[in-house]
Amino acid sequence: QVQLVESGGGLVEAGGSLRLSCAASPRTFSLSNIGWFRQAPGREREFVAGITWRSIPTDYADSVKGRFTISRDDATNTVYLQMDSLEPEDTAMYYCASDRLAPPTVIRTTHYAYEGWGQGTQVTVSS
């Protein structure tokens, strides 16, 4: 069973930074693209960032480009989302999930292509 675990969320002031972590089993982590999504109350779950199992390429939502950076550490089976210059609009529950079926260089941005959703980690940015 695919299962990922998110951590690292919290409360931060606008302009601050957070680093989210997404841990997976070695079997899930290898050969899987990993995506970060977020969902604010009353809104659809939206794509934030993704990384292929080769670490290249990566992809970002327009709203976070230049502020967020996704990376992966194969030694610890962990994907990170470094979030800088946070804005109140970034407030949401953040989730990571894996996509084992996408071609090696394709990052899919639709949430139903992914599996292994965890409980999420809450990010709250105060103004």
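Tyr 114 has a relative accessibility of 6% in this predicted model, and it therefore counts as buried, since the limit for that class is under 20%. Phe 37 is buried as well, at 0% relative accessibility.

**Aromatic pairs**

A search of the whole structure finds 4 aromatic pairs.

Tyr 95 is buried, with a relative accessible area of 12%, whereas Trp 117 is partly exposed, with a relative accessible area of 24%.

Which residues do the ring pairs link into a cluster? The cluster consists of Phe 37, Phe 47, Tyr 95, Tyr 114 and Trp 117.

**Charges over rings**

Trp 117 also has a charged neighbour: the charged end of Arg 45 sits over its ring, 4.7 Å from the ring centre. Arg 72 is buried, with a relative accessible area of 11%.

**Salt bridges**

Side chains of opposite charge can pair when their charged atoms come close. The structure holds 8 salt bridges, and the table gives three of them.

| Salt bridge | N to O distance |
|---|---|
| Asp 62 and Lys 65 | 3.2 Å |
| Arg 72 and Asp 74 | 3.4 Å |
| Glu 115 and Arg 100 | 2.6 Å |

Asp 74 counts as partly exposed, at 49% relative accessibility. In the bridge between Asp 62 and Lys 65, Asp 62 is exposed, with a relative accessible area of 66%, while Lys 65 is partly exposed, with 48%.

Glu 115 forms its salt bridge with Arg 100. Both residues lie in the loop between S9 and S10, so the pair ties together parts that are 15 residues apart in sequence. Glu 115 is partly exposed at 31% relative accessibility, and Arg 100 is partly exposed at 36%.

Salt bridges also link Arg 38, Glu 46, Arg 67, Glu 87 and Asp 90 in a network.

**The sheet**

Strands of a sheet pair through backbone hydrogen bonds, either parallel or antiparallel. In this model, 6 strands form an open sheet with mixed pairing, in the order S2-S10-S9-S4-S5-S6. Why is one side of strand S2 and of strand S6 left without a neighbour in the sheet? Strand S2 (10-13) and strand S6 (58-60) stand at the edges and each has a single partner strand, so one side of each remains without a neighbour. From one strand to the next, the twist averages 25°.

The partner of S2 in this order is S10; the two strands run parallel and are joined by 4 bridges. Leu 11 stands opposite Thr 124 in S10.

Methods. Residues are numbered from 1 along each chain as its sequence is written. This is a predicted model: local features need pLDDT of at least 70, side-chain atom pairs count only at pLDDT 80 or more; totals for chains, interfaces and linings use all residues. Side-chain values use heavy atoms; hydrogens and water are left out. Rings of Phe, Tyr and Trp (its six-membered ring) pair if their centres lie within 6.5 Å; planes under 30 degrees apart count as stacked, over 60 as edge-to-face and the rest as tilted. Buried means under 20% relative accessible area, exposed over 50%, partly exposed in between (1.4 Å probe, protein chains only). A charge sits over a ring if NZ of Lys or CZ of Arg is within 6 Å of the ring centre and within 35 degrees of the ring normal. Two strands pair if DSSP finds at least two bridges between them. Axes are lines fitted to C-alpha atoms, for helices over the stretch in contact, and angles run from 0 to 180 degrees between N-to-C directions. A salt bridge is a side-chain nitrogen of Lys or Arg within 4 Å of a carboxyl oxygen of Asp or Glu.
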